[in-house]
Amino acid sequence: MLKGKVAVITGSTSGIGLGIATAFAAQGAGIVLNGFGDAAEIERTRSDLASRHGVKVTYSPADMSKPSEIAKMGADAIKDHGKVDILVNNAGIQFVAPIDEFPEDKWNAIIAINLSSAFHATKAVLPDMKKRKWGRIINIASAHGLIASAYKSAYVAAKHGVVGLTKVTAMETAELGITCNAICPGYVWTPLVQKQIPDQAKAHNMSEEEVIKKVFLLNQPTKKFATIEEIGALALYLASDAAGSMTGTALPIDGGWTAH
Ligand code: NAD
């Protein structure tokens with residue numbers, strides 16, 4: 001389905017980003033991986049994806065909080081792969097605290113990584129997409145791009161911002177063969193969620209199993225985490241020619257959470 005296409009996926013060394021990279025590579029796309037982690041493990045992921053699917057896979061170590069590194073990631077992708085057809089803005093972090101105790105450096109980091117990086121990466125690859133009159137920009141927002149939860153001020157503000165940026169990008173590219181959509185997952189079983197469980201268990205004085213049921217999945221009517229494969233399949237659809245008329249949307253994939 002994506003043979004001959006090139007996709008840049010930010011934050012793809014783990015979780016949802018890696019799930020999307022795997023789904024795209026399996027359909028024949030060349031891939032630019034990005035994100036942090038152990039260098040040997042990243043190289044294993046890169047060479048495994050390339051050999052398993054017979055596609056070119058490169059890695060950019062760009063820090064999504066640094067605009068100059070994001071611009072270089074875009075330029076390197078075009079230099080190494082010849083073009084960028086698909087951009088998935090996925091890198092993200094989380095921090096939870098009441099507003100009056102929220103550390104300013106955490107606020108700034110979340111806004112930079114979860115919101116501003118999508119602007120900088122879009123800016124870096126858009127001229128190439130416009131030149132070829134085809135492009136797909138997929139922003140990984142969150143159910144928290146549509147609704148709020150207490151103690152997640154920076155995250156909710158950033159993700160609502162991502163949904164807004166998605167709409168503006170869609171307006172500016174609507175006649176150019178380029179689409180921009182946001183995916184709004186509820187809770188997905190990834191390291192970002194797994195890492196929060198011990199702290200939440202302590203804060204709520206609950207076992208980890210109770211935290212999963214009574215805190216994380218409380219508002220997710222299916223009572224199940226979404227999977228990275230499900231997010232990958234939706235991203236694949238949005239990247240396909242079949243989704244050419246879908247643009248400016250914010251699509252929940254949240255087990256019914258935002259239907260409440
Ligand atoms: P994850 O922690 O498994 O992966 C995050 C990725 O981002 C990793 O590859 C990490 O290295 C990378 N990253 C973090 N900071 C970076 C930086 N400064 N520069 C470059 N890369 C950086 O998390 P995940 O759950 O897969 O989350 C991916 C995206 O999905 C995030 O934007 C998150 O907000 C969103 N999301 C996740 C869930 C969920 O329940 N897991 C729900 C809704 C939205």
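Helices (H or I, at least four residues) and strands (E, at least two) are DSSP runs, numbered from the N terminus. The model is predicted, and local features need pLDDT of at least 70, side-chain atom pairs count only at pLDDT 80 or more, and totals for chains, interfaces and linings use all residues.

Leaving aside residues up to four places away in sequence, Ser 142 touches Tyr 155, Lys 159, Ile 183, Cys 184 and Pro 185, where contact means heavy atoms within 4.5 Å. A polar atom of the Ser 142 side chain also lies 2.8 Å from the backbone nitrogen of His 144.

Tyr 155 leads on to the ligand, since Tyr 155 is among the residues that come nearest to the ligand, together with Ser 14, Asn 90, Val 188 and Thr 190, out of 30 residues around the ligand; a residue is near if one of its heavy atoms lies within 4 Å. Lys 159 has a side-chain N or O atom 2.9 Å from an oxygen atom of the ligand. Taken alone, the ligand exposes 820 Å², and the protein buries 94% of that, by the Shrake-Rupley method with a 1.4 Å probe. In the shell around the ligand, the largest share, three residues, comes from α6.

Terms used
Residues are numbered from 1 along each chain as its sequence is written. Side-chain values use heavy atoms; hydrogens and water are left out. A polar contact is a pair of N or O atoms within 3.5 Å; within protein, one must be able to donate a hydrogen and the other to accept it, and residues adjacent in sequence count only if both atoms are side-chain atoms.
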